[in-house]
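Here is a short report on one protein chain.

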Amino acid sequence: MTAAGRVLRLLVERGQTLAVAESLTGGLVAAELTSVPGASRAFRGSVTAYATPLKSEVLGVDADLLAERGAVDAEVARQMATGVRRALGADWGVATTGVAGPEPQDGRPVGTVFVAVSGPHGAGKVAALRLNGDRADIRKESVRSALDLLSGELHENASAQDTEENGGN
């Protein structure tokens, strides 16, 4: 089973939903998810906020943060994940932002990528990546990393819920 299939299966089992905010991946995370039959049972939709102003205007990323640090930033990724979760009414949000190349952006070298997850109870995580390869390789690896990060958070969240339900043991 693919990473997308595993993530969607977990979400369906838990009755939870997912939304995606993408920049450098340009819709590839959403495409990977929707390639799985039955994805609509958990996947709400996505926002491809490729232009920097859309990150603020559509996803609610702090405009001052964008002006100060640029779009390729860990906090921007976190706010994108939280923003898409709110905007599309999902339990979980995933975001990708970074530099696929061929040129550096915002003073960041090609291969600098941030993927983020925002969960229903403030659960969330950002991973900073330094990826190698050409544009296609960087984008493909960004998709894999985003889905892996979400999978890890879903498993961690499930373990925490199980502990709570069993009296903290």
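Phe114 sits in strand β4. Strands here are DSSP runs of E with at least two residues, helices are runs of H or I with at least four, and both are numbered from the N terminus. Phe114 counts as buried because its relative accessibility is 7%. Buried means under 20% relative accessible area, exposed means over 50%, and partly exposed lies in between, with a 1.4 Å probe and protein chains only. Beyond neighbours within four places in sequence, Phe114 is in contact with Val72, Asp73, Ala74, Ala77, Ala95, Thr96, Thr97, Arg108, Val126, Ala127 and Ala128. Contact means heavy atoms within 4.5 Å. Arg86 is 28 residues from Phe114 in sequence, and their C-alpha atoms are 20 Å apart.

This is a predicted model, in which local features need pLDDT of at least 70 and side-chain atom pairs count only at pLDDT 80 or more, while totals for chains, interfaces and linings use all residues. Residues are numbered from 1 along each chain as its sequence is written, and side-chain values use heavy atoms, with hydrogens and water left out.

The chain has a mean pLDDT of 93, and 93% of its residues reach 70 or more. Residues 163–167 have pLDDT below 50, and this stretch has two contacts in the model beyond near neighbours in sequence. pLDDT is the predictor's confidence in each residue, from 0 to 100.

**Cores**

Nonpolar side chains tend to be buried together in soluble globular proteins. The largest nonpolar core here holds 32 residues, and Leu18, Leu33 and Leu150 have the most contacts inside it. Such a core is a set of buried Ala, Val, Leu, Ile, Met, Phe, Trp, Tyr and Cys residues joined through side-chain atoms within 4.5 Å. Two or more residues come from each of α1 (3–14), β1 (18–22), α2 (28–34), β3, β4 (112–118), β5 (124–130) and α6 (135–165). Helix α6 gives the most, with seven residues. A second, separate core has 20 residues, including Val47, Ala71, Met80 and Val84.

Leu18 has contacts with Val7, Leu11, Leu33, Ala42, Phe43, Arg44, Gly45, Ala90, Trp92, Gly93, Val94 and Leu150, leaving aside neighbours within four places in sequence. Ala90 lies in the loop between α5 (74–88) and β3. Ala90 counts as buried, since its relative accessibility is 8%. Ala90 touches Thr17, Leu18, Ala19, Arg44 and Arg85, not counting residues up to four places away.

Ser145 is in helix α6. At 10% relative accessibility, Ser145 is buried. Ser145 touches Val115 and Leu129, not counting residues up to four places away in sequence. Gly152 also belongs to α6. At 35% relative accessibility, Gly152 is partly exposed.

Thr25 is in the loop between β1 and α2. Is Thr25 buried or exposed? Thr25 is buried, because its relative accessibility is 0%. Thr25 touches Thr96, Arg139, Ser142 and Val143, again not counting residues up to four places away in sequence.

| Pair | Residues apart along the chain | C-alpha distance |
|---|---|---|
| Ala90 and Ala146 | 56 residues | 17 Å |
| Thr25 and Leu131 | 106 residues | 13 Å |
| Gly152 and Val7 | 145 residues | 9.4 Å |

**Backbone**

Most residues other than glycine have a negative phi, and most peptide bonds are trans. Gly101 and Pro102 are joined by a cis peptide bond, with omega about 15°. Pro102 is in the loop between β3 and β4. Asp106 lies in the loop between β3 and β4 too. Phi of Asp106 is near 50°, a positive value in a residue other than glycine. Asp106 counts as partly exposed because its relative accessibility is 43%.

The largest pocket has a volume of about 170 Å³. Its lining has 16 residues, and the closest to the centre are Leu24, Tyr50, Gly98, Ala100 and Gln105. On a 1 Å grid over the protein atoms alone, a pocket is an open set of points where a 1.4 Å probe fits, with protein on both sides within 12 Å along at least five of seven lines; lining residues have an atom within 4 Å of a point. Grid points are joined across faces, edges and corners, and the volume is the space filled by probe spheres set on them.

Helix α3 (52–57) and strand β3 (92–98) each supply at least two residues of this lining. The lining divides into seven nonpolar, six polar and three charged residues. Ala, Val, Leu, Ile, Met, Phe, Trp, Tyr, Cys and Pro count as nonpolar, Asp, Glu, Lys and Arg as charged, and the others, Gly among them, as polar.
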